[in-house]
Every structure is written in C-alpha cells, then in structure tokens.
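User: Could you walk me through this one? I'd like to start with the strands and then move on to the rings.

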Amino acid sequence: MSKVEIIATSTFGLEAVVAREVKNLGYENATVENGKVTFTADKLAICRANLWLRTAERIRLKIGEFKAVTFDELFEKTKALPWAEWLPVDAEFPVEGKSVKSTLFSVSDCQAIVKKAVVESMKKSYNRQWFDETGPLFKIEVALHKDIATLTIDTSGVALHKRGYRRLISEAPLKETMAAAMIQLSYWNPDRPLHDPFCGSGTIPIEAALIGRNIAPGMNREFASEQWPSIPKKLWQEARRETHDLANYDRPLEITGSDLNGEIIEVARENAEEAMVDDAVRFKRLPLGSYQTDAKYGCIITNPPYGERIGQEKEVAQLYKTMGKVFKSLDTWSLYAITSHPEFEALFGKKADRNRKLYNGNLKTYYYQYYGPRPPR
C-alpha cells in the first residue's frame, strides 16, 4: 500500500503526548514540531489515527510543502501537486489559510490563489472546465510559516475532541483531548481509583473510563474522510473492527466524580451513558470538603475553578485551601490539577513535585502534579 504523510495537530504543550500515542499505534517515524506531529504510513493509518488518538485535535493529510515568497510561486507549486489523486471530480474543496512570519501575509489572497491553482490542476486531470463541488468534503488548508507553505487536507471533519458523547455541555467545559492528556500525564492506571472533585459534565472521569477499557475515543462518531473514494471502505471497516476487538468493555474500574452543582451531576450521568461507560463511573453531588474514602493509592485528577471572573477570587482561594486539607488526609494518593491561578501552590499549601505549562483553549495554565507513594506490588 502506498505511503502518505500524515499530520496530527495538537494543542501547544501536548505534542509529546500526541507523539507517544502515534508511536503506540505502531508508527515509529513521528517528528514533533510546535502544534503538530508528522508521520509517514499507509492509508489505513488515516482511519486508525482518527479513531484512536485521544489528544490530537485533527488528522491532516499532507499534500505538499515548498518555499513560496511570491503569489506566482504559490500558484505554480500548488498547481503541480497531485490533487486528483485525492479529490474526485465532484469534490467540495473550500480553502482555509494562515500565515506566520511570511512574505505572503494576506491570508485571503493566499486562499484565493490556492483555490484557483487546485481548480487548474483538476481541469488538467479531469479534462473539464467546471466543478460543481456537490460531493464529499475535502477541506484544504494552506499554512505559511517563515515562507514555507504546507498544503494539507483535513481528514477528520468535526474536531477530534468532539467524541459525540457530550450532548449537554457545562458552562466552561474542559476539552476531551485535554482531559485525556491530563490522565495520560498522570501515574493513574486502571487498577487504581480515580476521583475528580470538580467533575462538571464528567469529562475527566469519562475519558478515564474510555482509557481504562481501551475504548477508542472516535468509535461512535463519523469522519469526513469516510466519504472519500480515495480511501477504500474496507480500510475503514478494518479499522473500526479493530476498535471493537481491542476494547475491554467489562473491565472493572473505580472512577468517581463529584460536584457541588446537582444539575451538572445529572448532565455528567447522561454524558457517561452516551459514552457507554455509565457502569464504570459513579457521580455524586458532594461539597469538596466532604470527600472521604477508604481507598488507597488513588489519583485525584481535576480542573478546578480558576478564579478568572471578577468576584470569584476569595471563593477560589478558599477552595484551593480546602483542596490542600482534603489531599493531606489522603496520604497514599496522588493529585493532578490544572489551573491558571498564579498562587495555586501557596494556597494549596504545598509545592508541586512537578508542573507543566499547558494551554487550555487560549489560556496559559499549569498542570500541578503531586506524587503519592507507589502502590505495593
């Protein structure tokens, strides 16, 4: 099977996590750059990457890359790429663009030129003058960085963080991809208890259950490239069959979530049911200070309020102090918390063993990691 170049895009700070996932799928040649992980594989990898990657934002097919400092150069080099290998005669192919530190800084002009160049390439390949664009979607992106143009097609469609289970969304939801990354950056494994005391709509516990049972995050959704004639249906069938074969639906897990808001707890339960892990996760309305457990060597993984809104500062400061007291009583547990609050460690009452800069949306946050003792073997 012929090889293709694939780009898994990433939130800044999560590139290494995405690269590790790519390698765990069996693709060893991954290279990491800001916001993306690139690897070469067969067409089946497009299907598998969309279905399995928990922390990537999109899977893009790389069509070409070249230097372009004039519009003529951008046009001619784009036109020379093998578009008809991927785009059928009825393809719908809108063009998006971005430009960073490049001579060609007008994104709208770059988009128009790339669109025109693709049309000219298609005219030559299909020997016709007009394209109705009534068929499957091939969203093209021209990304210019330091005068290097990278031309890709989005294979995912809806972004990968939209797994399909979160029908009802809380006020400030944590992306599913970030929740999965927080879990993978922790020392949690399916044999240990996990609790989220600020669970909101349940994203962290649900993602943990999907990881614990090896359920592919994209199993219950569709992708744009499933409609592409250039990727045989049998490859998608093979990739989806693999997700069912490798899932461990009956694995027992000890995962809980709590929140002070009773309405949002109901939303979390509905989301867990939609994700088909409602038997693996228990949700309860509970104030933070009331959390108690006899379980040992568990992990708290949570996205507490940050205090970004005016008037919340005192309330959030008190919450972090309470977190410190609760965690102190759980002497065998580990804790992982993401927040943008600059005084988190001081309010919590302990310096983290490690913290890592991550971007939650456009907000710079830190992922504070407190390691408990290792469970006995």
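Analyst: Strand 1 (residues 3–9) pairs with strand 4 in the antiparallel sense over five bridges, where pairing requires at least two DSSP bridges between two strands, and strands are DSSP runs of E with at least two residues, numbered from the N terminus. This is a predicted model, in which local features need pLDDT of at least 70 and side-chain atom pairs pLDDT 80 or more, while totals for chains, interfaces and linings use all residues. Residues are numbered from 1 along each chain as its sequence is written, and side-chain values use heavy atoms, leaving out hydrogens and water.

User: Which residue in strand 4 is the bridge partner of Thr9?

Analyst: That is Arg58. Strand 4 also pairs with strand 7 (residues 148–154), antiparallel over seven bridges, and there Leu61 stands opposite Ile153.

User: Why is strand 4 largely enclosed?

Analyst: Seven of the 10 residues in strand 4 (residues 58–67) are buried, so the rest of the structure largely encloses it; buried means under 20% relative accessible area, exposed over 50%, and partly exposed in between, with a 1.4 Å probe and protein chains only.

User: Switching topic, which charged end sits over the ring of Trp86?

Analyst: The charged end of Lys43 does, 5.0 Å from the ring centre, and Lys115 lies over the face of Phe93 at 3.8 Å from the ring centre. The rule asks for NZ of Lys or CZ of Arg within 6 Å of the ring centre and within 35 degrees of the ring normal.

Conventions. Helix = DSSP H or I, 4+ residues; strand = E, 2+ residues; numbered from the N terminus.
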